[in-house]
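This report describes selected features of the protein shown below, arranged by region. Please keep the sequence and the structure in view while reading.

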Amino acid sequence: MTVVWAFPGQGSQRKDMGAGLFDRHPATLARADAVLGRSVRELCADQAALRDTRVLQPVLYTIGALAYLDRAAREPQPHCMIGHSLGEYTALYASGALDFETGLRLVVARAEIMGRASGGAMLAVVGLGVERLREVMRREGADDIDVANHNSPRQTVLSGPEDSVRALAPVLRREGAGKCVLLHISVAAHSRYMAAAAAELGAVLDTVTFHEPRVPVLSNVTARPHRADRIALRLREHMCQGVRWWDSLAHLVGQGVTELVELGPGSVLTKLWATARAELPGPPATPDTRDVPARPATHPADEAAPAARDRQDTAPRPATGAPAEPGGDGATEPPTRPATARSGRRRLPVTRERLGAARFRERYATDSAWVVSGTGDGAAGDEVCRAARAAGLMAFTDPAPGTPAPASLGEAARGGWGSGLRPGPDADAQVTALLAHDVRHVEADHPHGPDAALVRFRFTGAHRGPAGTPVAVRHVLARVTGPGQAAAFLRPPAPSLLAGLVHTGALTEDEAEAARALPVASDLAVQDPGGWHEDAADAYQLLPSVAALAARCPGTEPVHVGLCGVVGTPEQAATAFALGAAFLVSTSLTACTPEARLATSLKDTLARAGEDDVTWAPTERHASLGVPGRVVRRGTLFPARSGLLHRLLCAHRYFADVPAPRRRHIEEQLLGRPAPPPPDSRADDRPLTADVFRWYVRETARRTPAGEPLRPLDHQLRCDPEVTRFNRAVSGTALAAWTARTPGALATHLLTNAAELLTARAPVPADERP
C-alpha cells in the first residue's frame, strides 16, 4: 500500500478543533503560543476570532502540525505528502523542509499580507467542468476572473473582482451549475490580483533557508514534488496562481498511491480523493515511481516517544529558517553536509541550479544565476542571446551602434532577453523603441548615475498594487564600481527628475508616485573600478558593502547584487557565491563565443590573451577623469593613442589650443579627418579636446556588421579579467578554443565546477569528524 498524508487548508476549520491533541503535545503548543502571543487552545474555542484570516491561518497550521506529530508517533512516514493551499506549509514542515516556528512565522506573515488585501471575491462552482467554465467566461467576456482552485472535474473555485464574480454567478447557474456559492472571503486568493501580495511575501520567503523535503511534497503550483531551491519561488507563485489539486491527485494515482490520510479538521480532501480513485486511471503496468519513493524505514518522529520529543521541543530555536527534524526535535544541519554512516543523514549537494538567488532566477526566468552580456563592446547580438536563453541563462544584447532595429527588439521581448542601455544623445530614442516593443529588461552602464531616459524606462507602467504596494514591471540591472555609485541606483529618482518626466508626459503622475517609493535599479552588478576608486577595492571586496546597501533600499522586491566581468575560474565563482553574490555576469567571455558579433581574428586574440597581452588605457567611461579600462594591446595602437589624446585633454580645454604641428599629426594620423564638430547641444562651436578624445574612443570601438574593426590599426578590444583567468585555467582542454565556448558551455563549466567545490569544501560538523 502506498500512502499520502494530506493537510487541509482554510475552510476546514471548526470550533474546538484540536481537542485531544493539545494535551498530548504541550511543548509544541507552548511554542505556537509564544510565536502568536495568544493561546491556540482558546482561539480554537472562539468562533468570532476564527473568522479573522489572520488568526485562522496560524491556528490551522498549528493544528495540522500537531495532527502530524500525533500520527507520526504511531505510524511510519508516508510515501508522499500534500497540502491544499495553506496546508502546503504544514506539509513542508512535516517533511523537514523547515522547522515548526519558521513555518508558523511564514504563515503569520502570509495571513497578515492576505488580511490587508481587499476588493476581491471567490465563487465555488459545483457541477461544471473547468473547461466548460473557461468557455463560458470567454463567451461572457469575464476575462478578469481566474480559476483559483481546480479541485475535481465537478468542483472549481473562481477568483476575481467582487462585482465581476457576483455578476457571473447567475450566468453559471443558467449554464447548469448545481451550486454557485460566494465564499466568505474579501480577497481574490490564488489569482493575478495577489501579485503585489506575492511580492511582499516573497521578501519574507527570501529570508528562509529551505531543506530538501525528506518525504516528497507536491506543489500546488506544479502538481509535482518540491525541490529545495525552488520552494520559496513556488510559495510566492502560490499566492497568485491556482491550486492544481485535481492534477496533483492525478499524479498521485498515476504513481501508484492507494491511500490518502487527511491530517486536520474536516474530511473534504478525503472525499476528493475518493472521486479521484473512482475516475482516474491507475498507474501503468510498470509504474514510474521516481516521484514517490519507498516509505522511509525510520524517521525522527518514530525514534522518540511523544513525551521525550515534547521535552526537546522546549529548546529555543532561531528564526532563520534553518530546518530541524520534523517536530523540531533534531539538530539543524547545513544544506551541504555529506552523508555519513554515523548519522545516517544525507546532505544536499550544491548544484549549479542552487547557486545564487532563487528570486533572481525567477525574475529573469532562468535556470542558473548567470548573465551573458555584451553591453559596452557590441559583442552580444541576437545569436548570442538565443543561445544563452536556450541554455537557461539571462542575456543582454548590445544595441551599439545606434538605436536597435525594431525586429531585433521584438525578438528580444518574445525571447525574454534584454538590451543594453547607455547614456548618450540617442538614449531617449532607444528607450522609446524598447517601450514600443515591450522589452522588460535593460542592463545599464551609467557611470554618472541614473539619467532621465533610464528612469523613464524603469518606471513606465509602475503602479500601486491592490494592497497599495508599489510595483515596477520593468527591470534595470545596473553596473556599478563602488558604494557611492550603487547608492545612486538604490534610491528613488530625484524629485526634480520625476517632475520633469511628468511635465513632458514621459511618465504619468501615477507612475511617478509609485517611483517615489522604489529604487531605480532592480539589480546591481559590481565590476572592478579600474584601480582609480578612492578605496582601491576590487569587485570581490566591494560586493559585501554594496550588498549591505542593497539590503536597506526601499521597496518590497529585493535588489540582487552580483559580480560582473571578474569571474573566470570555478574557484572564483565559488568564492563569489560564498561571499553572497546573487548572480554572475560574463562580459569579455561573451565576445569569445562562436555566436558573438566579433571577427574571428579578434576572437582568436581574446582566446589566447594572457596578462602580458593586456594593458590599461583611457576609455570613454569617466572620460574627463581618465578612468582606465583593460584592453588588449596586441596588434593595436589604441592604448598609446588614447593615452596621448587624454594627456592633451588634460592640458588643453579647446582642441584649437593644441600646438599646430601636434594638431595636424592627430588629424592626419589618429583621426584621419579634421577634428569633429561639437555636439548640436553645445552653443560653443569650438571643439573641445574632450570631444576629439570621445570621438576617437567611440570610433575605435565600432565594428562592421561582420565584426571587423572599422580602424584595424587602432581597434579597441575590451578584455576584462575573466578572460585571461579563464584562458589560463582551461589551457590544454577543449575549452581553450573559442569555437567550443558557447554560452551554455561556459556557464556549465564554471557553475558546475564551482558547485562541486562548494560541496567538497563544506565543513564537516564536529560530531562527524574522525
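Which residue in β2 is the bridge partner of Trp5? The partner of Trp5 is Met81. This pair, like every other feature reported here, is read from a predicted model.

## The open sheet and its helices

Strand β1 covers residues 3-7 and runs parallel to β2, to which 4 bridges join it. The two strands are part of an open sheet of 3 strands, whose order is β2-β1-β7 and whose pairing is parallel. The edges of this sheet are β2 (80-83) and β7 (259-262); each has a single partner strand, so one side of each lacks a neighbour in the sheet. From one strand to the next, the twist averages 25°.

Two helices pack on this sheet. Helix α12, residues 245-254, touches β1, β2 and β7, and its direction makes about 170° with that of β2. Helix α13, residues 268-279, touches β1 and β7, and the angle between its direction and that of β7 is about 165°.

His190 is placed in the loop between β6 (179-182) and α10 (195-205). Its phi is near 55°, which is a positive value in a residue other than glycine. Most residues other than glycine have a negative phi. Is His190 buried or exposed? His190 is buried, because its relative accessible area of 5% falls under the 20% limit for that class.

## The contact of α10 with α11

Two packed helices are described by the angle between their axes and the distance between the axes. For α10 and helix α11 (residues 231-240), the axes come within 8 Å and cross at roughly 155°. This angle makes α10 roughly antiparallel to α11, because it lies over the limit of 145 degrees. The crossing of the two helices is right-handed.

On the α10 side, the residues that meet α11 are Ala195, Ala197, Ala198, Ala199, Leu201, Gly202 and Leu205. Their counterparts in α11 are Ala232, Leu235, Arg236, Met239 and Cys240. By class, the contact has 10 nonpolar residues, 1 polar and 1 charged.

Strand β10, residues 418-421, is joined to β11 by 3 bridges, and the two run parallel. Within this pairing, Gly420 has Glu443 in β11 as its bridge partner. Glu443 and His441 point one way from β11, while Val442 and Ala444 point the other way. The residues on both sides are buried.

Asp438 lies in the loop between α19 (427-436) and β11 (441-444). Like the value given for His190, the phi of Asp438 is positive in a residue other than glycine, and it is near 60°. Asp438 counts as partly exposed, because its relative accessibility is 35%, between the limits of 20% and 50%.

## The contact of α21 with α24

The axes of helix α21 (residues 483-490) and α24 come within 10 Å and cross at roughly 25°. That angle makes α21 roughly parallel to α24, because it is under 35 degrees. The crossing of α21 past α24 is right-handed.

From α21, the residues in the contact are Pro483, Ala486 and Leu490. They meet Leu542, Ser545, Val546, Leu549 and Ala550 in α24. The contact divides into 7 nonpolar residues, 1 polar and no charged.

Pro554 lies in the loop between α24 (539-551) and β16 (560-564). Although 64 residues separate Pro554 from Leu490 in sequence, their C-alpha atoms are 7.7 Å apart in space. With a relative accessible area of 30%, Pro554 is partly exposed.

Asp510 lies in helix α23, residues 509-515. Asp510 counts as exposed, because its relative accessibility is 60%, over the 50% limit. The C-alpha atom of Asp510 is separated by 8.2 Å from that of Arg464, which lies 46 residues away along the chain.

How values were computed. Residues are numbered from 1 along each chain as its sequence is written. This is a predicted model: local features need pLDDT of at least 70, side-chain atom pairs count only at pLDDT 80 or more; totals for chains, interfaces and linings use all residues. Side-chain values use heavy atoms; hydrogens and water are left out. Buried means under 20% relative accessible area, exposed over 50%, partly exposed in between (1.4 Å probe, protein chains only). Two strands pair if DSSP finds at least two bridges between them. Axes are lines fitted to C-alpha atoms, for helices over the stretch in contact, and angles run from 0 to 180 degrees between N-to-C directions. Contact means heavy atoms within 4.5 Å. Angles under 35 degrees count as roughly parallel, over 145 as roughly antiparallel, 65 to 115 as roughly perpendicular and the rest as oblique. A crossing is left-handed if the near helix is turned anticlockwise from the far one by less than a right angle, and right-handed if clockwise. Ala, Val, Leu, Ile, Met, Phe, Trp, Tyr, Cys and Pro count as nonpolar, Asp, Glu, Lys and Arg as charged, and the others, Gly among them, as polar.
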